[in-house]
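Here is a friendly walk through one model, one topic at a time. Please have the structure open beside the text as you read.

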Amino acid sequence: MPVRTRFAPSPTGYLHIGGARTALYCWLQARHDGGQFILRIEDTDRIRSTPEAVQAIIDGMAWLGLDCDEGPIFQTSRLARYEEVARGLLAAGKAYWAYETREEIEAMRAAAMARGAKPRYNGHYRELNAPLREDPNRVLRFKNPLGGTVAFDDAVKGRVEWQNEELDDLVLVRSDGYPTYNFAVVVDDVDMRITEVIRGDDHVNNTPRQINLYEALGAPLPRFAHLPMILGADGQKLSKRHGAVSVMQYREDGYLPEALLNYLVRLGWSHGDQEIFSRREMIDLFNISDVNRSAARFDVAKLNWLNQQYLKSTAPEVLAPEFSWHLRRAGINPAEGPAAEDVIVALRERVHTLRDLAERARVWYGPIAEWDDQAVTKYLRAEGADSILRRVQEALDALPHWTPAAIHEALARIAQELSVKPGQVAQPLRVAITGTAVSPAIEHTVFLAGRHEAAARIEAALDRIG
RNA sequence: GCUCCCAUCGUCUAGCGGUCCAGGACGUCGCCCUCUCAAGGCGAAAACACGAGUUCGAUUCUCGUUGGGAGCGCCA
């Protein structure tokens, strides 16, 4: 039987970090086993589902490169099928119509709570065989087994067991005719022959009811795997402030999908001491049964480190288009400065994200926006800085080839001839070119400015000294 | 309240009864390198929540305590 996994988000919001990791694990397991990965949109909540959210999920998956073999399949396109299965269950005496009002159910729950029991439906209509009739409160309920236990071996949590007494008769079909989540997932997972149900921890408690449904349907059980939560840096549930933002926000913040994926795969899973995994390695090495049982916190510092690792190891020409995208977002015209690849090479060891890289690149794409007064005082107005800069100006002007190597050589020669430390040449020049005391290696800083602009800036700096 | 789940350095984790006075990575700190900032190299501090068992021997197994989390919807 081929392995088939599915990622089944509800389109009530964007694809966030937790969902992305679930999707990744589902995708990895399918790819690892040479099976299929299915994207299913669980849109049976007609109030909260939105087309924008559907698009956001699809965009997020595409950006991460998690391609699916089937789908997206929308549950709302399968309504007739759920109805058919519901009828079958009803005919088999495994489901029944119930007509309590919401208030009545509320009262039942309150009463159960008062008794110190779980708040749940009391099964009033279970043996009444109430006929089908038009009623705004009519729902179809499942006849959950009354006794015994229901257990399963979770691929990550191990054996989990419940008493059937703990479970009540869940609603299968709502009063508006739409299936509920617990009903639709089971029907879909059975129809789509899903073999590994990989989902968030918050679904463990639904699993026993679903297993009972599988059994009522006479369907084989898939393997279940419940992933622990991803917590915020403060150990609290992820909120808007720390991570529960759309994965697309990570793109805007300058992260590479490979880095995010690599970070995510290590959150709850590991392979010895290895930290960096290519997609291929992830696929080869990953196995859902190796996933950790406990929740993990989201740590931006580590993501930053990983992102830089990828920035450093990815070919600049591969990074260039995305870098240019960030330049434009920062209001910088990529055409009005040096080649993207050169800027990337000069800066990538100094930043963690492409967004920072674009921001730091700004000096070479337009006039110096702001002078660092301290740097000007300390280096530009330093004793002898003006004469050194004039020497630099001449030497650069005389360079036959405008390359970092040639520039480096020229500057080194000046320092030697003047018997000054390299820094006494580099620092005033750095401030002249960038307006600050911080930039990549001086030969790159000068090179990126371009012959003409470098000369102009040195001249302007000289004027500034007075 | 009830049910279920979880528990190793600040964080992510290795460990699957002796190899552990607990290993790696991020972060932190120190040193080196150095034209700034980084990157890199070297080094340091830093953890088995607690209490009972089981065992010749527990970080590893069992139970309990404490602390976290999830669920208890005609939401998924």
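## Polar contacts with the RNA

In this predicted model, a polar side-chain atom of Glu275 sits 3.2 Å from a base nitrogen of RNA strand B. Asn137 also reaches a base nitrogen of RNA strand B, here through a backbone N or O atom at 3.4 Å. With Trp162, the partner is a sugar or linking oxygen of RNA strand B, which lies 3.3 Å from an N or O atom in the Trp162 side chain.

Which elements give two or more residues to the surface near RNA strand B? They are the helices α4 (102-114), α10 (300-313), α17 (422-434) and α18 (442-449), together with the strands β5, β7 (158-163) and β12 (296-297). Of these, α10 gives the most, with six residues.

## The surface around the RNA

If you select the surroundings of RNA strand B, you will find 65 residues, and the closest are Arg109, Arg174, Glu349, Arg350 and Ser439. Sorted by class, this surface has 27 charged, 20 nonpolar and 18 polar residues.

Which part of the RNA faces the protein can be asked atom by atom. Among the atoms of RNA strand B within 4 Å of the protein, 72% belong to sugar or phosphate, and the rest belong to bases.

## A three-stranded sheet

Strand β5 also takes part in an open sheet of three strands, ordered β4-β5-β8 and paired in the antiparallel sense.

In general, the strands of a sheet pair through backbone hydrogen bonds, in a parallel or an antiparallel way. For β5 (residues 139-142) and β8, the pairing is antiparallel and runs over two bridges. To find one place where they meet, look at Arg141, whose bridge partner in β8 is Val171.

## Two helices packed together

Helix α17 comes up again, this time with a helix as its partner. Helix α14 (residues 373-380) packs with α17 at an angle of about 145 degrees, and their axes are 9 Å apart. The crossing of the two helices is left-handed.

From α14, the contact uses Ala375, Val376, Tyr379 and Leu380, while α17 brings Gln427, Pro428, Val431 and Ala432. By class, that makes seven nonpolar residues, one polar residue and no charged ones.

Key:
Residues numbered from 1 in each chain as written. Chains lettered and ligands numbered in written order. Predicted model: local features only at pLDDT ≥ 70, side-chain atom pairs only at ≥ 80, totals over all residues. Heavy atoms only, no water. Pairing = 2+ DSSP bridges. Helix = DSSP H or I, 4+ residues; strand = E, 2+ residues; numbered from the N terminus. Near = heavy atom within 4 Å. Polar contact = N/O pair within 3.5 Å; in protein donor to acceptor, adjacent residues only side chain to side chain. Nonpolar A, V, L, I, M, F, W, Y, C, P; charged D, E, K, R; others polar. Axes fitted to C-alpha atoms, helices over the stretch in contact; angles between N-to-C directions. Left-handed = near helix turned anticlockwise from the far one by under 90°. Contact = heavy atoms within 4.5 Å.
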